[in-house]
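Please open the structure in your viewer and keep the selection tool at hand.

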Amino acid sequence: MKAVKHYTELIDEAEAMEAEGELKKAAALYESALKQKPFHEKPYDRLMTIYRKLKDYKKEVQTIDKALALFKEHYDKKAAPFSGKDKVGQLSKQLLASVTGNPKRTSYTTYPEPIPRWTVRKNNAEKKIK
């Protein structure tokens, strides 16, 4: 039976493989690390970079899509309690409207990093596919 390596061991090995130019091996190690800790930004960033170096833009876009879906879902869940019709939700909407100076704005439309950066990267990778 093969022993499962810890997340940090996988990242360290992946970085070493990447430094040696063994990009496919590094990608496999980063994928394994993501199975253990899917909400870590670094493995996604490194996979995106590796696929770009390998000119595998389809895999790069797939990785970006996977990361964006996971991170957006996370932030949407965090925002959900503040978008309801209860007192907290009403106060949150009022505060947002007053801070932005726009009384019609009652929900957040932007995500924190790394989502905007990954969105730009996705657009660039999709252009390379075409």
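Predicted model: local features only at pLDDT ≥ 70, side-chain atom pairs only at ≥ 80, totals over all residues.

**Stop 1: Phe39 and Phe71**

Begin with the aromatic pairs, of which a search of the whole structure finds four. Select Phe39 and Phe71, whose rings form a stacked pair, with 4.2 Å from centre to centre and 25° between the planes. This pair links distant parts of the chain: Phe39 belongs to the loop between α2 (23–36) and α3 (41–53), while Phe71 belongs to helix α4 (residues 57–79), 32 residues apart. Phe39 is partly exposed, at a relative accessible area of 33%, whereas Phe71 is buried, at 3%.

**Stop 2: Trp118**

How do the rings of Phe71 and Trp118 pair? Their planes stand at 80° and their centres are 4.9 Å apart, so the pair is edge-to-face, a term that requires an angle over 60 degrees. Because Phe71 lies in helix α4 and Trp118 in helix α6 (residues 115–129), the pair ties together parts that are 47 residues apart in sequence. Trp118 is buried, with a relative accessibility of 1%.

Next, display the surroundings of Trp118. Leaving aside neighbours within four places in sequence, Trp118 is in contact with Glu41, Tyr44, Asp45, Met48, Ile64, Ala67, Leu68 and Phe71.

**Stop 3: the nonpolar core**

Select Tyr30, Tyr44, Leu47, Met48, Ile50 and Trp118. Of the 22 residues in the largest nonpolar core, these touch the most other members. Which helices each supply at least two residues of this core? They are α1 (7–19), α2, α3, α4 and α6. The greatest contribution comes from α2, with seven residues.

**Stop 4: Glu18**

Finally, move to Glu18, which is placed in helix α1. Is Glu18 buried or exposed? Its relative accessibility is 13%, so Glu18 counts as buried, the limit being under 20%. Show the side chains of Glu18 and Tyr30 together, since a polar contact of 2.9 Å joins them. Apart from neighbours within four places in sequence, the residues in contact with Glu18 are Leu23, Ala26, Tyr30, Arg46, Ile50 and Lys53. Two of these names, Tyr30 and Ile50, were also selected at the core.

Definitions and conventions
Residues numbered from 1 in each chain as written. Heavy atoms only, no water. Phe/Tyr/Trp six-rings, centres within 6.5 Å; stacked < 30°, edge-to-face > 60°. Helix = DSSP H or I, 4+ residues; strand = E, 2+ residues; numbered from the N terminus. Buried < 20%, exposed > 50% of the residue type's maximum accessible area, 1.4 Å probe, protein only. Core = buried A, V, L, I, M, F, W, Y, C linked by side-chain atoms within 4.5 Å. Contact = heavy atoms within 4.5 Å. Polar contact = N/O pair within 3.5 Å; in protein donor to acceptor, adjacent residues only side chain to side chain.
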